[in-house]
Amino acid sequence: MRTAYSVETVRNAERELMARLPDGALMQRAAAGLAAACAGLLRDLLGRVYGARVVLLAGSGDNGGDALYAGARLARRGAAVTVVELAPGRTHEGGLTALLGAGGRVADDPFDVLAAADLVLDGITGIGGHGGLRADAVPVARAARGSGAVIVAVDLPSGVEADSGEVTGEALRADVTVTFGTYKPGLLIAPAREHAGAVRLVDIGLAPHLPSVPGLEALQHEDVARLLPVPTGESDKYRRGVVGVVAGSARYPGAAVLAVAGALRGGAGAVRYAGPRGDAVIARYPETLVHDGPPSKAGRVQAWAVGPGLGDALGDGSGPEAAVADVLASDVPVLVDADGLRLLDAETVRRRTAPTLLTPHAGEAAALLGVARAEVESGRLTAVRELAARYGATVLLKGSTTLVADPDPAVPVRVNPTGTSWLATAGSGDVLTGLSGSLLAAGLPARDAASAAAYLHGLSARLASRNAPVAADDVAANLPEAWRNVVG
């Protein structure tokens, strides 16, 4: 599992560790790891470190010091290392002395040296930076990005917000980020994540000084494998979980089919469909148990998934408001997605005794919060936490980074690492609804069901696409293969 901590938490841990180490030892650990990573990149790029042209963009803080000490190590291995000082007179003194002593030099013209660089180290600002790059750093950052050199960010790309993943001004986009001690939230959450490139973690001994509960966590294969329910010889359809699906309408019949597909291929023991498109569902999935009356009369279920493609009326002539209210009145876990979200009342959701999982995309989240969509997209971590608190529900916020928040603010937010832009296709959210509902019905807590479903959903899209166009039905079809990839 990858874990991330806030800037304040990292700073506190660094202070504790530095109190036990000789002066400057922690920075030297970071610089050694950074230099080793850069040397590896240069060998991949050029086949050598000797003679490589390396440019350091050094700000006035410790981030610039890390870059300078790493540059000194590369210079001692024969690289031609030049530093561009973004704050002349305030550059880290010890780092600059070390670089010059190793044969490095200070650039006379930053644009000339950047144009010829093989690798650029971004040490302009660190995890304490806010509000994007300063105006005087912008031309240098743009020249670095346009140089064709490999850009390596030191701890965090300059200009992004470490704690939230927001990018509120201009930021330098890296090819690789070498981060120290632990991941920072901005390295895992878009839009900052898109500036980080490939992220490499350097161990500097910080782990024993970090809290046991992180601020953010990203599940990996082995974590998801531990969550997924596996049937035994004693299993029947009820032990595996029966999920009820309320979806589809005359205008959106495919939503019903895709949600049922996600549920069936997500491991449900059985699926009960309650809605007006039973004909379309049965034609594709004859094992589905179909009911055209209210959900509460459909039969026994262990969870409900409601919302995708709901129209003005369901099979019994009632409106979608009645169906959503009927489902929310049940005593089993309920997932609400898509059209169902616009019919929610926060107090009704908060009063439920069984778990509730909401799965909005950015536009739906914005409507629930009463803010602009751009505000949600730029501050996804803030938005998902606010929604979970307001509704007293687990929230899966879909998008460029899928986040899962628990209503308890002390519980870490989860970020899904398997997302892919190929999921930006009609109906993929309906598949996720059915998949998540099946895991709820199997007995997983809402946070685990949402996290595992998002992971499998993203992995399935990657398997289906392999860099080619993919439709929602392909995502559903590849869920069993994604499951096999995870459990081995």
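# Briefing on a predicted protein chain

Just after helix α14, the residue Gly370 takes a positive phi of about 75 degrees. That detail, like every other one in this briefing, belongs to a predicted model. The protein chain has 20 helices and 18 strands, and its radius of gyration is 26 Å, close to the 23 Å that the globule rule gives for 488 residues, so the chain is as compact as a globular protein of that length. The points below begin with the whole chain and then turn to single elements and residues.

**The chain as a whole**

- Taken along the principal axes, the box filled by the C-alpha atoms of the protein chain is roughly 80 × 45 × 40 Å.
- Of the 488 residues in the protein chain, 57% are buried, and the accessible surface comes to about 19,200 Å², of which 50% belongs to carbon and sulfur atoms.
- When contacts with a separation of 6 or more are considered, 70% of them in the protein chain are between residues 24 or more positions apart.
- The protein chain carries 45 positive and 51 negative side chains, and the centres of these two sets lie 4 Å apart.

**The open sheet of seven strands**

- Seven strands form an open sheet with parallel pairing, and their order across the sheet is β4-β3-β2-β5-β6-β7-β8.
- The edge strands of this sheet are β4 (residues 105-106) and β8, each of which pairs on one side only.

**Helix α14 and what covers it**

- Helix α14 (residues 362-369) is mostly covered, with six of its eight residues buried.
- The buried residues of α14 are Ala362, Glu364, Ala365, Ala366, Leu368 and Leu369, and what covers them includes the helices α15 (373-378) and α16 (380-391) together with the strand β16 (394-397).

**Backbone geometry in the loops**

- As background for this group, most residues other than glycine have a negative phi, and most peptide bonds are trans.
- Asp155, which lies in the loop between β6 and β7, has a phi near 75 degrees, a positive value in a residue other than glycine.
- The relative accessibility of Asp155 is 8%, and the cut-off for a buried residue is under 20%, so Asp155 counts as buried.
- Ala338, found in the loop between β14 (334-336) and α13 (346-351), also has a positive phi in a residue other than glycine, in this case near 50 degrees.
- With a relative accessible area of 17%, Ala338 is buried as well.
- The peptide bond from Ala190 to Pro191 is cis, with omega near 5 degrees, and Pro191 has its place in the loop between β7 and α7 (192-196).

**Asp474 in helix α19**

- Asp474 lies in helix α19 (residues 472-477) and is partly exposed, with a relative accessible area of 33%.
- Once residues up to four places away in sequence are set aside, Asp474 touches Ser460 and Ala464.
- Asp474 and Thr356 are 118 residues apart along the chain, and their C-alpha atoms are separated by 28 Å.

How values were computed. Residues numbered from 1 in each chain as written. Heavy atoms only, no water. Helix = DSSP H or I, 4+ residues; strand = E, 2+ residues; numbered from the N terminus. Rg over C-alpha atoms; globule rule 2.2 N^0.38 Å. Buried < 20%, exposed > 50% of the residue type's maximum accessible area, 1.4 Å probe, protein only. Contact = heavy atoms within 4.5 Å. Areas by Shrake-Rupley, 256 points an atom, 1.4 Å probe, with all protein chains shown as cover. Lys, Arg positive; Asp, Glu negative; His and termini not counted. Charge placed at Lys NZ, Arg CZ, Asp CG, Glu CD. Pairing = 2+ DSSP bridges.
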